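Take a look at the model below.

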Amino acid sequence: MRVTRRGFLKLLAGGASILALSRLISMKGRADVVRPPGAIVEEHFNSLCLRCEVCLEVCPSKAIVLAGLEDGISAANTPKIDPLRGPCEFLVGRCQDSMRCTKECPTGALQPVGRDEIKLGSVELDRERCIAWLETGECLVCDEVCPVLGAISINEDLKPVFHEDKCVGCGTCVYACPADPKALVLLPRGARRVAWPR
Amino acid sequence: MAEMRIARTEVLRAVTVLSLVFVFALTPAFGLMYGSVSALTFGGFTIAAPLGFAMASLATRSLVVDLIAPTLVAALITVVLGRFLCGWVCPVGLLLEYSHALTEKVWGRRGIEAPGRTREKYLVLAALLASSLLLGFTAFYLFCPPDLVYRGTFLLAMRGIVGLDLAVLAVIFVIDVLALRLGRSWCASLCPLGAAVSGLSLVNLLTPEVDRERCIDLDFNCATCQRVCPMKIPLAFRVSHWTMMSCNKCLKCWRECPVDAVRIRPFSRGSSGRQGPVRTRDTQD
């Protein structure tokens, strides 16, 4: 094959425009996504994750979904926890013996971690939507399902109060919340991530 | 005889490709196998695509230790079988072949005589690896066409989600079928996964070879073999090992040759070593 000057220039221009386009796309994670347990620091997560979807496929509660374009192009198709589809059951339920996603992840973007070290994020309560706080009814569902002692307390008026420092972000309460729209939202705030490289 | 061959290889290929789509979409539900071409895990055993390993290592600027062993297994398979993946596994390739057959009827065929450009895919691959290094870009799923289908199917069938995969698939489809209109030009010329697989296929089992004693190309300007080749290999001319590494073992040349001059050899020698009346026109551009 003879590479013509024109062809070479065309390729050069194509390559340059690809690079310029990629420059516009920040590859550093924006860290506003709730990751599955054992996720490495957000800075490296999008670079290490191959988007093979093994974690999503093994998740017994179907809590893992894929981040979309709204989470940033760099994070597209990486795993995130969506508590509306299911809670992350690492404390109680189907994953209390072994966390399938961290065990099966081929790249190490999800690292095996001890149960006590996990904090996916924390749950925030919207009092404008909460059945108990709005006094449209008596509801303590979130406190009843919460697997963590002290993450949710009930004040003297029988209303739930969330404690961010104790909450591990499993999303059990969000999944169970009967309000429509949900009064609870799971945020990556305070998430504990695994250092990488090890 | 020829009809029998058509039926056998094409049906076998379509059945293989389609059943793999079902396997990858359904096995996770039964807990048998997870993942797809980029990374595959079953019973604690993992295989991972060498291109994914390269991209992740460059993007993180470190050696991704967890992926080394799984990558070696896949690399070994690739070295031996080459682009068998593209001919008998990748559903996108088959899709493009069929859709091209359709567009050919509508718009006619372009580029019958001149074999297409096939080396650009290595440049696309190089650009991809460079962007991994420079920008930390590891969106391997965007460049793994079979995965787009497998995961798109899985998400749609099992979770009822229309994923990004289908959008990327549409882009490939538009590029190949509407823009290039050469039939599997994506695979032959642009696919970075195809480039990575081609580049690795050092042993490259089961490639075609033309028996120059029987070949009528010189007498009748036949060139049927290279016209039907989805990978644009100029089989009627001298073909180097390097070019033959793009062969996807679809057996079309073997099937379509009017004088049965194409043979499938277990070990490729290229055809450069053969003596005989071979046209030596510049075939690439």
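In α7(B), the buried residues are B:P145, B:P146, B:D147, B:L148, B:V149, B:Y150, B:R151, B:G152, B:T153, B:F154 and B:L155. The helix is mostly covered, with 11 of its 15 residues buried. Keep in mind that this is a predicted model.

Just after α7(B) comes B:G160, which has a positive phi of about 65°.

Now the sheet. Chain B has an open sheet of three strands in the order β1-β2-β3, with antiparallel pairing. β1 (34-35) and β3 (45-48) of chain B are at the edges. Each has a single partner strand, so one side of each has no neighbour in the sheet. β1(B) is joined to β2 (residues 39-42) of chain B by two bridges. Within this pair of strands, B:G35 is opposite B:L40 in β2(B).

Last, the two chains. In chain A, 29 residues are in contact with 34 residues of chain B. On the side of chain A that touches chain B, the elements giving two or more residues are α1 (5-24), α2 (42-48) and α3 (54-58) of chain A. α1(A) gives the most, with five residues. The table sorts that side of chain A by class.

| Class, side of chain A that touches chain B | Count |
|---|---|
| Nonpolar | 15 residues |
| Polar | nine residues |

Methods
Residues are numbered from 1 along each chain as its sequence is written. Chains are lettered from A and ligands numbered from 1 in the order in which they are written. This is a predicted model: local features need pLDDT of at least 70, side-chain atom pairs count only at pLDDT 80 or more; totals for chains, interfaces and linings use all residues. A residue is buried if 20 or more other C-beta atoms lie within 10 Å of its own, exposed if 12 or fewer, and partly exposed in between; C-beta atoms are placed from the backbone. Helices (H or I, at least four residues) and strands (E, at least two) are DSSP runs, numbered from the N terminus. Two residues are in contact if their C-beta atoms, placed from the backbone, lie within 7 Å. Ala, Val, Leu, Ile, Met, Phe, Trp, Tyr, Cys and Pro count as nonpolar, Asp, Glu, Lys and Arg as charged, and the others, Gly among them, as polar. Two strands pair if DSSP finds at least two bridges between them.
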